[in-house]
Amino acid sequence: MQFEETAARIKEVIVSSLDLEDVSPGEIETDAPLFGEGLGLDSIDALELGMAIKKEFGVAFSKNPADNKKTFHSVKSLADYVIAQKNG
C-alpha cells in the first residue's frame, strides 16, 4: 500500500470512527498534529482511533506510551507506522 493511499484511508478512519460530523477526510492535514492545537483529539479519541486503526490495518501498537505518542502525532506518522508494520 502506497503512502498516499494509506494516509487517505487513515483520514477516512479518523472521521468515521470518531464521528467527526464537521470534518471531512480531505480537510485533515497530513502533517498537522492530531491532538492539541491540530485536529484537537483527546485521550478517549486516541483509544477509539487506536482500535479502529488496528482493526482496519491489522497492526499492533507499542505498550510504551511515549512510542504511541510519536506514532499518533499526525496522519503522516500513523501512515509511516502502518506501512512499516505491513512491510516488516
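Modeller: What follows is a short tour of a predicted model, beginning with its largest pocket.

Colleague: Fine, what volume does the largest pocket have?

Modeller: The volume of the largest pocket comes to about 490 Å³. Its lining is made up of 18 residues, and those closest to the centre are A46, L47, G50, N68 and F72.

Colleague: And which helix gives the most to that lining?

Modeller: That is α2, which contributes six residues, although α2 (43-57) and α3 (65-71) each supply at least two.

Colleague: How do the lining residues divide into nonpolar, polar and charged?

Modeller: Nine of the lining residues are nonpolar, five are polar and four are charged.

Colleague: Back to N68 for a second, is it buried or exposed?

Modeller: N68, which sits in helix α3, counts as buried because its relative accessible area is 19%, and the cut-off for buried is under 20%. Leaving aside residues up to four places away in sequence, N68 touches F61 and S62.

Colleague: Which residues in α4 are buried, and what covers them?

Modeller: The buried residues in α4 are V75, S77, L78, A79, Y81, V82 and I83, and what covers them includes α1 (3-17) together with α2 and α3.

Notes. Residues numbered from 1 in each chain as written. Predicted model: local features only at pLDDT ≥ 70, side-chain atom pairs only at ≥ 80, totals over all residues. Heavy atoms only, no water. 1 Å grid on protein atoms, 1.4 Å probe; cavity = no way out; pocket = protein on both sides within 12 Å on 5 of 7 lines; lining within 4 Å. Points joined across faces, edges and corners; volume = space filled by probe spheres on them. Helix = DSSP H or I, 4+ residues; strand = E, 2+ residues; numbered from the N terminus. Nonpolar A, V, L, I, M, F, W, Y, C, P; charged D, E, K, R; others polar. Buried < 20%, exposed > 50% of the residue type's maximum accessible area, 1.4 Å probe, protein only. Contact = heavy atoms within 4.5 Å.
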